[in-house]
Amino acid sequence: MFGLNLEHLSVLLIAALFILGPERLPETARWLARTIHKIRSFATGAQDQFRAELGPELQQLRKPLQELQALRTFDPKTALGRYLLDDAFTEPHSAAATNTAPAGPVATARSPLKPGEWPPVDPDAT
């Protein structure tokens with residue numbers, strides 16, 4: 001709460017005990033608790049009213065913001081690792097698990113090139 005830890009709260013409590021005295025401290029603590037409860041209920045009510053008035057527009061606004069947040073935390077190294085390794089280790093029906101090559105031009109298994117042999121050229125890739 002407000003960046004306060006146990007040490008800060010204990011110092012505030014001791015200071016309040018000296019300033020207010022033991023007679024007024026319990027009443028002040030109750031007043032503070034009621035005030036905090038009222039502030040939280042006002043904030044919750046305002047947030048609910050805001051969401052009710054915006055309705056679906058709020059979700060339309062949140063979606064691009066969430067995508068932007070995902071781009072800010074994007075790590076290419078992690079994404080590449082997930083792309084390369086997740087298929088082989090997480091999917092039970094992947095090509096590595098069934099010992100069969102996946103379909104497609106990438107899946108063709110080739111033997112190593114012989115001396116003087118050129119690798120095949122993909123005209124679409126160049």
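At what angle do helix 1 and helix 2 pack, and how far apart are their axes? Helix 1 covers residues 6-54 and helix 2 covers residues 56-72. They pack at about 95°, with axes 5 Å apart. Axes here are lines fitted to C-alpha atoms, for helices over the stretch in contact, and angles run from 0 to 180 degrees between N-to-C directions. Helix 1 is therefore roughly perpendicular to helix 2; that label covers angles of 65 to 115 degrees.

Which residues make this contact? Helix 1 contributes Phe50, Arg51 and Leu54. Helix 2 contributes Pro56, Glu57, Leu58 and Arg62. Contact means heavy atoms within 4.5 Å. By class, the residues of this contact are 4 nonpolar, 3 charged and no polar. Phe, Leu and Pro are among those that count as nonpolar, while Asp, Glu, Lys and Arg count as charged.

A word on the source. This is a predicted model, in which local features need pLDDT of at least 70 and side-chain atom pairs count only at pLDDT 80 or more, while totals for chains, interfaces and linings use all residues. Residues are numbered from 1 along each chain as its sequence is written, and side-chain values use heavy atoms, with hydrogens and water left out.

Now the whole chain. The protein has 4 helices and 0 strands. From the N terminus, the order is α-α-α-α. Helices (H or I, at least four residues) and strands (E, at least two) are DSSP runs, numbered from the N terminus. Of the 126 residues, 4% count as buried. Buried means under 20% relative accessible area, exposed over 50%, and partly exposed in between, with a 1.4 Å probe and protein chains only. The protein exposes about 11,800 Å². Carbon and sulfur atoms supply 65% of that area, which comes from the Shrake-Rupley method with a 1.4 Å probe.

Next, the charged pairs. The count comes to 2 salt bridges. A salt bridge is a side-chain nitrogen of Lys or Arg within 4 Å of a carboxyl oxygen of Asp or Glu. Glu27 pairs with Arg30, with the closest N and O atoms 3.3 Å apart. Both residues lie in helix 1, 3 residues apart, about one turn of the helix. Glu27 also meets Arg34 in a salt bridge, at 3.8 Å from N to O. Shared partners join Glu27, Arg30 and Arg34 into one network.

Is Glu27 buried, exposed or partly exposed? Glu27 counts as partly exposed because its relative accessibility is 41%. Arg30 is partly exposed at 45%. Arg34 is partly exposed at 44%.

How values were computed. Angles under 35 degrees count as roughly parallel, over 145 as roughly antiparallel, 65 to 115 as roughly perpendicular and the rest as oblique.
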